[in-house]
Number of protein chains: 2
Amino acid sequence: MKTDIERRSWTQNPEAVKQDILSVAISEFAAAGLSGARVDTIASRTRTSKRMIYYYFGDKLGLYTRALEAAYLKVREGEAALNLDHLPPREALTRLVAFTFEHHRQNPDFIRMVMIENIHNAEHLASSQVIRDMNIAAIDKLAAICRRGQEIGVFRDGLDPVALHWQISAASFFNVSNRPTFSAIFGAELFEEDAQERIRQQTVDSILAVAELRPLSSSE
Amino acid sequence: MKTDIERRSWTQNPEAVKQDILSVAISEFAAAGLSGARVDTIASRTRTSKRMIYYYFGDKLGLYTRALEAAYLKVREGEAALNLDHLPPREALTRLVAFTFEHHRQNPDFIRMVMIENIHNAEHLASSQVIRDMNIAAIDKLAAICRRGQEIGVFRDGLDPVALHWQISAASFFNVSNRPTFSAIFGAELFEEDAQERIRQQTVDSILAVAELRPLSSSE
DNA sequence: TCAAAAATGTTCTATTCGGTACATTTGGTC
DNA sequence: GACCAAATGTACCGAATAGAACATTTTTGA
C-alpha cells in the first residue's frame, strides 16, 4: 500500500526526456515499422509518459521523422571518423568499402529505419535537408578518392562516384537488410563470421575491379 | 429507388474469388506493409466482400502468408523461362545477371513483399517449403554455370554459387528496394533508363570479375 | 427432388490505438 | 516570494479495424 499522500515530484530535464524518447522510438520503429510501432509501447519503454511524446513531437509521424533523422545522424557520425586522405587511392577505396560493409553490419537499426522509409517511398526523408547534406558529404569523400586515383593513373576515367557509392551501398545494405529471408532460404552459414569476411572481400574485389584501370572481359 | 425485392444472386466461383483476393492483397501489402494494410481496403478493391477473405484465408496473417507465397511463385515462374544451358559459361553468367537485374526492376511488388518480410524477420517465409524449393532451384541453375566455367578453365576454383547469388541479388534488389531513399538523397538521374543500363553493365562487370580466372589486385 | 454442404452477402462488435482534456509541479525572473 | 511559462503526470475518448454473427443463395449428390 502506498501512503495517502502521493509523491508526484520530478526534476525537469527536457533534453534528456527528448533523447530518451528518440532512442526508444528508433528501436521501436526499426523493429515494427511505422504503422506497426505503437505509441503506447514506445511510451511504456520510456522513463516518461505518452504525454511527453505528443508534447515534444506533435504526433506519431513527427516522432517517426525525428527518429529517422536521429538514426542518420548517429550513423554518419561514425563514418565521419574515417580519414583516408593519407592513403594511396587503391588502399583508400579498399578501406572505405570494408569499413562501410562492417559499419552497416553494426547498425542494423539504422538499416531497418531506411528499409521502412523506402517502404514509404521516402516521403519523410524528402523533407529533411539535414539528411541530404550528410550524404552529399559522404559522396564528396568518395569523389576525392576517385579523383586522386585518376590523377596517378590507377583508376579509369569516367568513374561515377555516385554509381560507385550505389554499388558499395548495395552490397553493404543488402547484407543486413535481407539477411532474414536469405537465411531462411539458403541457410545462415553465409552470415557466420568467417563467411562474412569472405563476402566482404568479394565485395571489395568486385568494386576495385570496376574502379581500376584494367581490362574487363565484357569490354572486349 | 430500388425495387422492394432485392436481387442478391450470384454464381459461385471459388478459384476466381481466391485469385482476385490474392492479387489485390499482394498490391495492398506491397504498398502498405503487413500492419499498414487494411483488410477493409483489400476487401473493397475486390469483386467480393470481406467475408470471403476470412472464409478462405482465416485471418489477416493467413492472407499475408498466402500473398507472399503467390508473389514468389509469380516471379520465379518468370525466371524459369530463362534457359542458358546452350551458352558458354561466361556468356551465360552475363545473361543471368542482366536478366535478374531487369526482372527485379519489372517486379517491384515482389521486391516490396520481400522487404516487408525482412522487416518481420522472415517469420512467415520460414514455414513455406514451397518458397525454399523455388530458390534452391535458382541456385542450382547458377551452380551449373559455375561448374561448366570451371571445367573449361574460365572461372576460378572455389567459387561459391550461393555467394555469387548473394552478390547478384544484392545489386538487383537494392536497385529497386532503395530507389526512393537513394533518389531523395542523390537525385533520380541514376534511375533513368540510360543510367540504369550503365549500372547494369557495372553490375555484370563486377560479378564477372570475381568469377573469372584473372588476377584481382587485392590478391597480390 | 430434396437435403446437405459450400459459397456468398450483410450487419454488428470488441478492442486497440492515436490523440486530447484536465490537473499538477518545477523553475526562472522581476 | 509571487507570478508565469515550461514541463510533466493522469485519465479519458472517439475513430478505426480485425474479426464474428447471422442470413441467404447456389451447387451437389443420393
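**Figure 1. Two salt bridges are counted between chain A and chain B.** The model is predicted. One salt bridge joins the side chains of Asp160(A) and Arg198(B). Its N to O distance is 2.9 Å. Polar contacts also link the chains: 14 residue pairs, both partners at pLDDT 80 or more, are counted between chain A and chain B.

**Figure 2. Helices of chain A that touch chain B.** Seen from the side of chain A, the elements giving two or more residues are H1 (14–32), H5, H6 (108–119), H7 (129–151), H8 (161–177), H9 (179–186) and H10 (193–211). H8(A) gives the most, with 13 residues. By class, this side of chain A holds 33 nonpolar residues, 18 polar residues and 11 charged residues.

Figure 3. Chain A brings 62 residues to the contact, and chain B brings 62 residues. Three residues stand out on the chain A side: Ile119(A), Trp166(A) and Ile185(A). Together they supply 16% of the area that chain A buries against chain B.

**Figure 4. His86(A) lies in a loop between two helices.** The loop runs between H4 (60–80) and H5 (89–105) of chain A. Is His86(A) buried or exposed? The relative accessible area of His86(A) is 59%, over the 50% cut-off, so the residue counts as exposed. How far apart are His86(A) and Arg198(A) in space? The C-alpha to C-alpha distance is 27 Å. In sequence, His86(A) and Arg198(A) are 112 residues apart.

**Figure 5. Chain A has 10 helices and zero strands.** Read along the sequence, the pattern is α-α-α-α-α-α-α-α-α-α. The C-alpha trace spans about 85 × 40 × 30 Å along its principal axes. The radius of gyration of chain A is 22 Å, whereas a compact globule of 220 residues would have one near 17 Å. Of the 220 residues of chain A, 51% count as buried. Among contacts in chain A with a separation of 6 or more, 71% come from residues 24 or more positions apart.

Note on methods
Residues are numbered from 1 along each chain as its sequence is written. Chains are lettered from A and ligands numbered from 1 in the order in which they are written. This is a predicted model: local features need pLDDT of at least 70, side-chain atom pairs count only at pLDDT 80 or more; totals for chains, interfaces and linings use all residues. Side-chain values use heavy atoms; hydrogens and water are left out. Helices (H or I, at least four residues) and strands (E, at least two) are DSSP runs, numbered from the N terminus. Buried means under 20% relative accessible area, exposed over 50%, partly exposed in between (1.4 Å probe, protein chains only). Contact means heavy atoms within 4.5 Å. Buried area is the accessible area (1.4 Å probe) that two parts lose on being put together, summed over both. A salt bridge is a side-chain nitrogen of Lys or Arg within 4 Å of a carboxyl oxygen of Asp or Glu. A polar contact is a pair of N or O atoms within 3.5 Å; within protein, one must be able to donate a hydrogen and the other to accept it, and residues adjacent in sequence count only if both atoms are side-chain atoms. Ala, Val, Leu, Ile, Met, Phe, Trp, Tyr, Cys and Pro count as nonpolar, Asp, Glu, Lys and Arg as charged, and the others, Gly among them, as polar. The radius of gyration is taken over C-alpha atoms; the globule rule is 2.2 Å times the number of residues to the power 0.38.
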